[in-house]
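This report describes selected contacts in one protein chain. Please consult the sequence and the structure shown here while reading.

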Amino acid sequence: MEVDLLIENGKLVIPKGGVFPACVGVVDGRVVGIFDSPDGISARQRIDCKGCHVLPGIVEPHVHYGYRGNLKGNFGTETASAALGGITTVIPFYRDILNPTSLYEDIPRVRALGEENSYIDFSFHLLLITRNQLKNMTKYVKEFGITSFKFYMAYKGKDSQSIGLTGNETDDGFLFDAFSALGRMQGVVACVHAENIEVILSLVDKYQGEGRQGLRTWSECRPNFTEAESVHRAATFADVAGCPLYVAHVTTKESLEELRLCKSRRQKIYVETCPHYLTLNKDYPLGNIAKVNPPLRSEEDIAALWRGITSGLVDTVGSDHCPFLKEDKEGTIWDAKTGFPGSATMLPVLLSEGVHKRKVALERVAELMSYNPARIFNLFPRKGTIQIGSDADFCIVDLEMSKRVNHEMLFSCSDFSVYEGWTLKGWPVMTIVRGKTVMKDGKIAGLQGHGRFIGTNQV
Ligand SMILES: [Zn+2]
C-alpha cells in the first residue's frame with residue numbers, strides 16, 4: 001500500500017475505541033487505514049511518534065475572535081495559538097461587533113477572511129439577539145452552513161452595553177420562541193450563557209454602593225444560584241420546545257445538579273466547562289486579569305466539576321478564549337474587561353491537572369475535547385475521531401513533557417496568561433490538520449490560509 005503520510009510508532013487514543021499501538025495512513029488529507037505495523041506500507045512522509053500518544057485533533061468549541069475590531073488578525077494569531085495547544089478545529093462565537101442587530105449578510109465575507117488567515121479549520125456559532133435574526137435561522141443553516149446558535153441570558157437590558165450589544169431583544173419570551181423554532185428544525189443546537197442578570201445587576205448596585213472591590217467581589221455579585229436558576233430556566237424551555245441545548249461554561253455544583261436531573265430524564269442537553277473553572281478559585285491572586293463571566297468559584301465547585309469530568313456529566317471542555325490585552329484589564333474590578341485567552345493552555349491543563357494529578361483517563365480527555373464537541377456540533381465523523389474516511393487531524397501528545405507557561409510562547413496576540421508561571425506536564429508536540437503539520441515542537445510549521453470553513457449542515 002502507498003500513502004502520502006504514515007503516522008507510526010505512537011499509541012492511538014480513539015474515543016470509545018481504546019488506546020493501542022498502531023500506525024495511521026493518510027491520503028489526500030484523509031485517514032485511509034489503521035495498521036498494526038508499518039511493514040509493507042510505502043509512504044512519501046513518515047512521522048515517528050515514539051513515546052507519544054496520537055489523539056484525534058482537538059475541537060475547541062468556545063472562542064471569541066474580533067472583540068477588539070481585529071477579526072482578521074485574530075484568525076491568524078489565535079488559530080496559531082490554538083494549534084500550539086493541539087487544536088485542529090475551532091468554533092468561534094460570531095457576532096457582528098459594529099452592527100449587533102445586522103442580519104449577518106456579511107457571513108460569506110467573514111468566512112473568506114477565516115479561510116485566508118486561519119492555520120486550522122473552523123466553523124461558527126452565531127449569536128442571535130433580535131427577532132429579525134430569528135426569522136433568518138433557516139437561511140443561516142441552509143446558505144451559511146451554520147447550525148449552532150448562541151443566546152445570552154446575561155448581557156441583556158442595561159448589561160448589554162458592557163459588551164457593546166445594543167439592540168439586544170433577548171428575554172424569556174424571545175428565548176422560548178427561539179428554542180421552539182429550533183425544536184422544529186433538524187440538526188441544530190441552541191447554546192446559552194446562563195446567568196440571571198437582573199439579580200446580578202441588583203447585587204452589583206449594592207456592592208458598588210458599598211465601595212467594594214476585588215476579584216472576590218466580582219464572584220460574590222454573581223452567586224452560584226444566579227447561574228443554576230438560569231440553567232434550570234433554559235433547560236425547561238428547551239425541554240418543552242424539543243430543542244437540543246448546549247450550556248456553555250458551567251461553573252457551579254448547583255448547576256451540575258440541575259443538569260444531572262435533565263440528563264436523567266433523557267433530555268438532549270450538553271454540559272461544557274472551562275479549564276479555569278477546574279483550576280482557579282475566586283481568591284486566585286490575579287485581580288482583574290482573572291475577571292470572567294461566569295466568575296471564578298469555590299474549591300467545592302472545582303471539586304464538583306472534576307467529578308463531572310470523570311463521571312461523564314460534563315460533555316465538553318472549551319476555553320472561552322478572549323484575546324484581550326493587559327491594558328483592557330486596567331482600572332477597578334468594575335471597569336476591567338471580562339475574559340482572557342485560553343486555547344493554547346486548555347489541553348496541557350487537562351493533561352497536567354486531570355490525567356496526571358487526578359488520574360482522568362486520556363481516552364476521556366479525547367472524548368471531552370474532540371469526540372463530544374465534534375458530535376454535538378455536527379462535525380463528526382469528519383472531525384472528532386481517527387477512523388477511515390475522517391480528516392487526518394491529529395494532536396500528538398508527549399505526556400511526560402513539562403513546560404513552564406510564559407505567554408510569549410503561546411503565539412496569541414494577548415500579552416498575558418492566567419497560567420503564567422505554572423509548570424504543566426503533558427503537551428502537544430505536533431498538530432496536524434488534514435495531513436499537513438501545522439505545529440511542531442512548539443513552533444508554527446503550517447501556513448496561514450490552510451484552514452477551511454467546515455459547514456456543519458453537510459458533514
Ligand atoms: Zn464565551
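How many salt bridges does the count come to? The count comes to 32 salt bridges, where a salt bridge is a side-chain nitrogen of Lys or Arg within 4 Å of a carboxyl oxygen of Asp or Glu.

## Basis of the report

The model is predicted: local features need pLDDT of at least 70, side-chain atom pairs count only at pLDDT 80 or more, and totals for chains, interfaces and linings use all residues. Residues are numbered from 1 along each chain as its sequence is written, and side-chain values use heavy atoms, with hydrogens and water left out.

## Salt bridges between separate elements

E105 and K139 meet through their side chains in a salt bridge, at 3.1 Å from N to O. E105 belongs to the loop between β7 (87-94) and α2, whereas K139 belongs to helix α4 (residues 137-142), so the pair ties together parts that are 34 residues apart in sequence. Helices (H or I, at least four residues) and strands (E, at least two) are DSSP runs, numbered from the N terminus. E105 is exposed, with a relative accessible area of 51%, and K139 is partly exposed at 25%. In these terms, buried means under 20% relative accessible area, exposed over 50%, and partly exposed in between (1.4 Å probe, protein chains only).

A salt bridge also links E198 with K156, the closest N and O atoms being 3.8 Å apart. Since E198 is in helix α6 (residues 197-209) and K156 in the loop between β10 (148-152) and α5 (172-183), the pair ties together parts that are 42 residues apart in sequence. E198 counts as exposed at 51% relative accessibility, but K156 is buried, with a relative accessible area of 9%.

## A buried pair and its network

K383 and D391 form a salt bridge in which the closest N and O atoms are 2.8 Å apart. K383 counts as buried at 2% relative accessibility, and D391 counts as buried at 2% relative accessibility. Through salt bridges that share partners, R30, D121, R382, K383, D391, D393 and R434 are joined into one network.

## Packing of α1 and α2

Two packed helices are described by the angle between their axes and the distance between the axes. For helix α1 (residues 71-84) and helix α2 (residues 107-117), the axes come within 9 Å and cross at roughly 40 degrees. That makes α1 oblique to α2; angles under 35 degrees count as roughly parallel, over 145 as roughly antiparallel, 65 to 115 as roughly perpendicular and the rest as oblique. The axes are lines fitted to C-alpha atoms, for helices over the stretch in contact, and angles run from 0 to 180 degrees between N-to-C directions.

Which residues of α1 meet α2? On the α1 side they are L71, K72, F75, G76 and T79, and their partners in α2 are V110, L113, G114 and N117, contact meaning heavy atoms within 4.5 Å. By class, this contact has four nonpolar, four polar and one charged residues. Ala, Val, Leu, Ile, Met, Phe, Trp, Tyr, Cys and Pro count as nonpolar, Asp, Glu, Lys and Arg as charged, and the others, Gly among them, as polar.

## Two individual residues

Is S123 buried or exposed? S123 counts as buried, at 1% relative accessibility, and is found in the loop between β8 (121-122) and β9 (125-127). Leaving aside neighbours within four places in sequence, S123 is in contact with V90, I91, P92, L379, F453, I454 and T456.

H232 has its place in helix α8 (residues 224-241) and is partly exposed, with a relative accessible area of 41%.
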